[in-house]
Amino acid sequence: MTELFAYTDGACSGNPGPGGWGALLIARNGETVLKERELKGGEADTTNNRMELLAAINALEALERSSAITLVTDSAYVKNGVESWIHGWKRNGWKTSNKKPVKNVDLWQRLDEARLRHDVTWEWIKGHAGHPENERADELARAGMEPFKPSRSEQ
């Protein structure tokens with residue numbers, strides 16, 4: 001049986017600063033990798049949390065049809081937000097429990113829409129702990145950030 005996985009990560013040079021996101025999509029049958037797809041992108045002035053969100057969003061939006069997928073992130077912000085906090089935010093008109101606007105609401109709304117098209121299992125793993133797919137997602141995020149980092153002559 002084929003299983004889909006998305007390993008996602010975000011990176012920022014300064015927070016805020018230039019940032020990148022990366023996603024590694026893998027289709028597996030047991031231990032056999034059937035297909036891999038790498039995604040990456042970035043922005044000139046952003047935060048790490050925004051890049052973590054964009055990694056998950058782009059992974060889910062890249063799926064052409066409704067799918068069961070395990071999304072693996074090293075961001076507690078993304079996992080806690082999508083599994084716990086988002087329900088209250090939606091109920092409160094995208095306000096926090098102390099009535100303040102939700103930070104990154106544009107991306108949370110986009111992630112909410114993207115996740116509802118799929119059957120997503122969310123997994124958190126410790127970042128920078130030698131997990132091969134997470135390390136590849138981190139490399140993609142750093143590559144996505146590279147075009148937005150100032151060159152040495154601009155610094």
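Predicted model: local features only at pLDDT ≥ 70, side-chain atom pairs only at ≥ 80, totals over all residues.
Q: What is the chain built from, in helices and strands?
A: The protein chain has 4 helices and 5 strands. Starting at the N terminus, their order is β-β-β-α-β-α-α-β-α.

Q: Why call it as compact as a globular protein of that length?
A: Look at the radius of gyration, which is 16 Å for the protein chain. The globule rule gives 15 Å for 155 residues, and the two values are close, so the chain is as compact as a globular protein of that length.

Q: What box do the C-alpha atoms fill?
A: Roughly 50 × 45 × 30 Å, taken along the principal axes.

Q: How much of the contact count comes from residues 24 or more positions apart?
A: They account for 66% of the contacts with a separation of 6 or more.

Q: Switching to charges. How many positive and negative side chains are there?
A: The protein chain has 21 positive and 23 negative ones. The centres of the two sets lie 6 Å apart.

Q: Now helix H1. Where is it, and what is its reach?
A: H1 covers residues 48-61, which is 14 residues. From first C-alpha to last, H1 reaches 20 Å, close to the 20 Å expected at 1.5 Å a residue.

Q: Is H1 mostly covered or mostly uncovered?
A: Mostly covered, with 11 of its 14 residues buried. Among them are Met51, Leu54 and Ile57. Arg50 and Glu52 are buried too.

Q: Why does Thr46 count as buried?
A: Its relative accessibility is 3%, and buried means under 20%.

Q: What about Asp112, which helix is it in?
A: Helix H3, residues 105-116. At 7% relative accessibility, Asp112 counts as buried.

Q: Which residues is Asp112 in contact with?
A: Ile86, Lys90 and Trp94, leaving aside neighbours within four places in sequence.

Q: How far apart are Asp112 and Ile86?
A: They are 26 residues apart in sequence. In space, Asp112 and Ile86 are 8.2 Å apart, C-alpha to C-alpha.

Key
Residues numbered from 1 in each chain as written. Heavy atoms only, no water. Helix = DSSP H or I, 4+ residues; strand = E, 2+ residues; numbered from the N terminus. Rg over C-alpha atoms; globule rule 2.2 N^0.38 Å. Contact = heavy atoms within 4.5 Å. Lys, Arg positive; Asp, Glu negative; His and termini not counted. Charge placed at Lys NZ, Arg CZ, Asp CG, Glu CD. Buried < 20%, exposed > 50% of the residue type's maximum accessible area, 1.4 Å probe, protein only. Expected span 1.5 Å × (residues − 1).
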